[in-house]
Amino acid sequence: MLDKNRLDQSIWPFVPAKRVMSIQRAKGNYLYTKSGKKILDAAGGCIVSNIGYGVEEVAEAVSQAIKNCTFVMPPWLTEEREVLINELREHWLPPHLSRIHLASGGSEANETAIKMAIQYHAGMGHQERTVILTRDISYHGTTISMAAISGHPDRKRGLEGILDVYPNILTPYPLRCPLGAFHENATEYYLKDLEDRINEIGPNKIAALIAEPLNGSSGGAITPPQDYWQGAQKILKKHGILLIMDEVMTGFGRTGYKFGSELYGIKPDILVAGKGLAGGYAAIAGVFGTEEIAEGISRGGFNVMFHTFAALPQSCAAATCVLQILRRDELVLRSKSIGAKLKKSLTEKFSQHPLVAEIRGEGMLIGVEIVSDRGTLEPFPKEARITEKVIGYGLKEGVFFYPGGTGDIRDIVCLGPAFTLKENEIDEIVNALSVSLDRVLEAQSD
Ligand SMILES: Cc1ncc(COP(=O)(O)O)c(C=O)c1O
């Protein structure tokens, strides 16, 4: 018999986990556990929180929206939806992305973006363009097709039998570039890989490339050479292949720019964003496309189907309120400035650390790659579960880091705190990581 008053690891989550944190409440940048511990959230949940937790104004806006109009079918307009669309168009989206579709999460939104790309080509008379190119290190979601498209072996385990295999290109990874670490010809090397892959498949068969501008947790903020994306976009354009930028993690200021594609000076045909859109206050994501994409789809007489809970009035109200707070408090700029300080402090402390191969990222998306040998970049064996240990030690020190990496690319500690992070909280983060890495080092030399 289950004790009804005891929600323990045998009943939550679905598959029992080693450690289940029980969080009683969250405020600002901190989580408070049921057992009375205060934890600085250096991960922003799972790189979601941007304005911090427990902001009254957002709670108020959500409550108002529920009272005003709880639900209408997603294609209809409500005041809450209209205000959000105007907020997005006037203040956030690049002008060429004027078409908006709303979804309830990142996986759903990426699926929709891919459907749109295929429907666009079909509507323009190119039914043969059905191939979606993806990248070897990537994460685009957890539905069956997004798990298949993602270059994230750990999240495909046990499903391999039903997952289609998508053609992929190399994710530019300057630290581990086959020509040598941070090689001056890295851009050319990775662009040649893109061009070769396109030619191998046949350019006229490819509908789109889906990619994150810089990696989320799959590769722990792997950052491409600055000129990579402009070169890649030229190649894609030349072959009539659409660029879908998955900015579910990087969107809405995470990188210190409104979008990661702005950071690299490129114009995606379809941009997908999620997490930061409502900063954790609601389940909402967006697919943003050009007029041309919408025109192609409607020329084919196709429809873009909705998900029932996409764009609930209360989700729209939460998103609008979060976006307005980001603007009012200039938090995108702050993501850039406080992110630079956080990265500088991490670099000062760890750039010579025997276990640290690289500290990378932009704004408030930072990855620290851990290796067993800095010289050879040899990772720890998978069974050593180093990331898990570092996260565990961090929690003991009162700071939560997010686990990153997958498959052969492993042991990356991700940081993605809210943009409201305070300067003194940077010290807390650096100290906790220092203690955690030293524990790993001690265990290694035992
Ligand atoms: C880049 C990226 N795309 C897609 C997703 C999937 O989003 P969701 O978990 O909301 O379905 C994530 C989630 O972490 C992500 O980081």
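This is a predicted model: local features need pLDDT of at least 70, side-chain atom pairs count only at pLDDT 80 or more; totals for chains, interfaces and linings use all residues.
A search of the whole structure turns up one cavity of 30 Å³ or more. The volume of the largest cavity is about 30 Å³. Its lining is made up of Ile47, Val48, Asn50, Met249, Gly251, Phe252, Arg254, Lys275, Gly276 and Phe419. By class, the lining residues split into five nonpolar, three polar and two charged. Since Gly counts as polar, Gly251 and Gly276 of the lining belong with the polar residues. The charged class takes in Lys and Arg, and the lining includes Arg254 and Lys275.

The position of the largest cavity follows from the domain bounds. Domain 1 covers 23-54 + 332-445 and domain 2 covers 56-328; both contribute residues to the lining, so the cavity lies between them.

Phe252, one of the lining residues, also takes part in the aromatic contacts: ring pairs link Trp92, Phe252 and Phe259 into a cluster. The count of aromatic pairs comes to five. Among them is the pair of Tyr228 and Trp229, with 5.1 Å from centre to centre and 75 degrees between the planes. Planes over 60 degrees apart count as edge-to-face, so the Tyr228 and Trp229 pair is edge-to-face. Both Tyr228 and Trp229 are buried.

At Tyr32, the charged end of Arg25 sits over the ring, 4.0 Å from its centre. At Tyr139, the charged end of Arg155 sits over the ring, and the distance to the ring centre is 4.3 Å.

Methods. Residues are numbered from 1 along each chain as its sequence is written. Side-chain values use heavy atoms; hydrogens and water are left out. On a 1 Å grid over the protein atoms alone, a cavity is a set of points where a 1.4 Å probe fits but cannot get out, and a pocket is an open set with protein on both sides within 12 Å along at least five of seven lines; lining residues have an atom within 4 Å of a point. Grid points are joined across faces, edges and corners, and a volume is the space filled by probe spheres set on the points. Domain bounds come from an automatic or database domain assignment. Rings of Phe, Tyr and Trp (its six-membered ring) pair if their centres lie within 6.5 Å; planes under 30 degrees apart count as stacked, over 60 as edge-to-face and the rest as tilted. Buried means under 20% relative accessible area, exposed over 50%, partly exposed in between (1.4 Å probe, protein chains only). A charge sits over a ring if NZ of Lys or CZ of Arg is within 6 Å of the ring centre and within 35 degrees of the ring normal.
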